[in-house]
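Open the model in your viewer and keep the sequence panel beside it. Each stop below gives a selection, then what to look for.

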Amino acid sequence: MTYTETKLKGCFILEPTVYEDERGYFFESFNETKLDAILGYKPHFVQDNQSKSQFGVVRGLHLQAGDYAQAKLVRVVEGKVLDVAVDVRPGSSTFGQHIAVELSAENRKQLFVPRGFLHGFSVLSEHAVFFYKCDNNYHKESEDGVNPLDFELAVDWKIPHEEMILSQKDQEAQSFEKLRLKLI
């Protein structure tokens, strides 16, 4: 497995070693010992989630705050997405900055998103199956988020605006400025 730390400290792109032959392929999608060595600490994953979405869907930007904050290890098992992480850790030198990484079944890349980040993705293929591990259970009362089309964050979701499909919850989510005021 190879890994690259992004410009956002603690956020890593992971690429597995893939073994292919005429029968197909094999790769290790998760190895606790290797991930612990990369991160320098031991996240304990307690929940796996999976979603399927069609082209144009934008999910996020979401986070869980406080005692229920979550780190995530995300990957795509079918299709292609643009995965986005936004640093909202108070005091971070990259607060408010984001990265966008294309994850697909073909490139097999994964993204480790540490606690203290907004997270979301857009579906760039006909459909995508998105899988992620969380190191904390979902807790509705700790959920927060920002409208994915927030002008201040200016995320390029790689989908024409008129083709985007957002949930009502995401359309009505607060601005980044309102979240900033809560966090700082």
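Select Glu-78 first. Its relative accessibility is 39%, so it counts as partly exposed (buried is under 20% relative accessible area, exposed is over 50%, and partly exposed lies in between, with a 1.4 Å probe and protein chains only). This is a predicted model, in which local features need pLDDT of at least 70 and side-chain atom pairs count only at pLDDT 80 or more, while totals for chains, interfaces and linings use all residues. Residues are numbered from 1 along each chain as its sequence is written, and side-chain values use heavy atoms, with hydrogens and water left out.

Stay on Glu-78. It lies in strand β7 (strands are DSSP runs of E, at least two residues; helices are runs of H or I, at least four; both are numbered from the N terminus). Show its side chain together with that of His-127. The two make a polar contact of 2.8 Å (a pair of N or O atoms within 3.5 Å; within protein, one must be able to donate a hydrogen and the other to accept it, and residues adjacent in sequence count only if both atoms are side-chain atoms). Leaving aside neighbours within four places in sequence, Glu-78 is in contact with Ala-105, His-127, Ala-128 and Val-129 (contact means heavy atoms within 4.5 Å).

Next, colour β7 (residues 72-78) and β12 (residues 127-134). Six bridges join these antiparallel strands (two strands pair if DSSP finds at least two bridges between them). Find Leu-73: Lys-133 in β12 stands opposite. Follow Lys-133 to Phe-30. Lys-133 lies over the face of that ring, 5.1 Å from its centre (a charge sits over a ring if NZ of Lys or CZ of Arg is within 6 Å of the ring centre and within 35 degrees of the ring normal).

Widen the view to the sheet. Six strands form an open sheet with antiparallel pairing, in the order β1-β2-β10-β7-β12-β5. Which strands stand at the edges? They are β1 (2-5) and β5 (47-54); each has a single partner strand, so one side of each is left without a neighbour in the sheet. The twist averages 20° from one strand to the next (axes are lines fitted to C-alpha atoms, for helices over the stretch in contact, and angles run from 0 to 180 degrees between N-to-C directions). Now select helix α1 (residues 32-39). It lies across β1, β2 (12-15), β7 and β10 (110-113), and runs at about 145° to β2.

Go back to β12 and pick Tyr-132. Its contacts, not counting residues up to four places away in sequence, are Gln-47, Asp-48, Asn-49, Lys-72, Leu-73 and Val-74. Tyr-132 also belongs to one aromatic cluster with Phe-121 and Phe-130. Show all the rings of that cluster. Phe-121 and Phe-130 are both buried. Phe-130 has 1% relative accessibility.

How many aromatic pairs are there? The count is six (rings of Phe, Tyr and Trp, its six-membered ring, pair if their centres lie within 6.5 Å; planes under 30 degrees apart count as stacked, over 60 as edge-to-face and the rest as tilted). Phe-121 and Phe-130 make a stacked pair, 4.0 Å centre to centre with 20° between the planes. Phe-130 and Tyr-132 have ring centres 5.7 Å apart and planes at 50°, so that pair is tilted.

Now the other open sheet. Its five strands pair antiparallel in the order β9-β8-β11-β6-β13. At the edges are β9 (98-104) and β13 (143-145), each with a single partner strand, so one side of each has no neighbour in the sheet. Neighbouring strands are turned by 25° against each other on average, direction ignored. Zoom in on β6 (residues 58-64) and β11 (residues 117-123): three bridges join them, antiparallel. His-62 has His-119 in β11 as its bridge partner.

Move to Asp-144 in β13. Its side chain makes a 2.6 Å polar contact with that of Gln-174. Beyond four places in sequence, Asp-144 touches Leu-61, His-62, Leu-63, Gln-174, Leu-179 and Lys-182.

Last stop: the hairpin of β3 and β4, with two residues between the strands. Four bridges join β3 (residues 18-21) to β4 (residues 24-27). Glu-20 stands opposite Tyr-25 in β4.
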